[in-house]
Amino acid sequence: MNVCVVYYSKTGKTRKLVEYIKERLKESGINVNVFLVKPTREYFDKFLHLNPRILYEALMRKPVELINSDIKLENCDALVISTPVWWGAASPPIYSFITKHTGKYSNPVYCVTTADLNVDYASKLRRELEDMKYNVVDCLSVVDPDKDRDKLDKLVKEITEKLQQRS
Ligand SMILES: Cc1cc2nc3c(=O)[nH]c(=O)nc-3n(C[C@H](O)[C@H](O)[C@H](O)COP(=O)(O)O)c2cc1C
């Protein structure tokens with residue numbers, strides 16, 4: 001069974017969370033492929049909150065050109081999508097990825113957002129994924145990957161059980 005994890009991370013929090021999910025899934029005997037989708041033109045590292053490009057792309061859901069977005073989704077028995085929240089929305093690279101693959105993936109999908117505020121951003125992303133006809137099973141909003149380990153463990157258990165049912 002293969003789980004594909006597609007994520008973007010600018011300052012490292014989402015990357016850390018993805019590493020944790022990957023290790024937990026592997027411990028359950030699941031094969032995990034992790035893909036970092038990045039814009040061909042990466043965002044400048046400093047003053048992210050003042051970056052007008054980020055504001056524009058996030059609010060307007062502007063598609064960005066991606067590196068590493070041609071993932072063979074047919075090889076993924078489940079898909080985990082993880083993204084930082086920028087101005088209340090999924091990061092533009094992830095939004096571009098899900099838009100690009102709309103209607104092309106029917107296996108179970110899980111989404112995990114990371115943010116600074118304790119707001120349920122994942123439910124918003126879930127609605128957007130469902131509008132794009134993804135088969136969303138569960139979504140999780142995370143503020144601190146270290147403090148939210150219980151929630152992440154629960155998600156991993158859910159993914160593992162779902163895959164076992166399907167095998
Ligand atoms: C431009 C920008 C906009 C952000 N907007 C929000 C927001 O609307 N709500 C929130 O809780 N956090 C917001 N954040 C904080 C990030 O979502 C949070 O730090 C995230 O976990 C970073 O993930 P990363 O380290 O993987 O890049 C924003 C951060 C940046 C840089």
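1. The protein chain holds 5 helices and 8 strands. Helices (H or I, at least four residues) and strands (E, at least two) are DSSP runs, numbered from the N terminus. Their order is β-α-β-β-α-β-β-β-α-β-α-β-α. This is a predicted model: local features need pLDDT of at least 70, side-chain atom pairs count only at pLDDT 80 or more, and totals for chains, interfaces and linings use all residues. Residues are numbered from 1 along each chain as its sequence is written.

2. The C-alpha trace of the protein chain spans about 45 × 35 × 25 Å along its principal axes. Of its 167 residues, 34% count as buried. Buried means that 20 or more other C-beta atoms, placed from the backbone, lie within 10 Å of the residue's own.

3. UniProt, in an unreviewed entry, lists residues 3-167 as "domain: Flavodoxin-like". Such annotations may be inferred rather than shown by experiment. The span is 38% helix and 25% strand, and its end C-alpha atoms lie 13 Å apart.

4. The ligand is surrounded by 20 residues; the closest are Ser9, Thr14, Pro84, Ala115 and Leu117. A residue counts here if its C-beta atom, placed from the backbone, lies within 6 Å of the molecule. α1 (13-27) and β5 (78-86) each supply at least two residues of this shell.

5. Leu155 sits in helix α5 (residues 149-166). Leu155 is buried because 23 other C-beta atoms lie within 10 Å. Leaving aside neighbours within four places in sequence, Leu155 is in contact (C-beta atoms, placed from the backbone, within 7 Å) with Tyr110, Asp138 and Leu140.

Technical notes: Buried ≥ 20, exposed ≤ 12 C-beta atoms within 10 Å, placed from the backbone. Contact = placed C-beta atoms within 7 Å.
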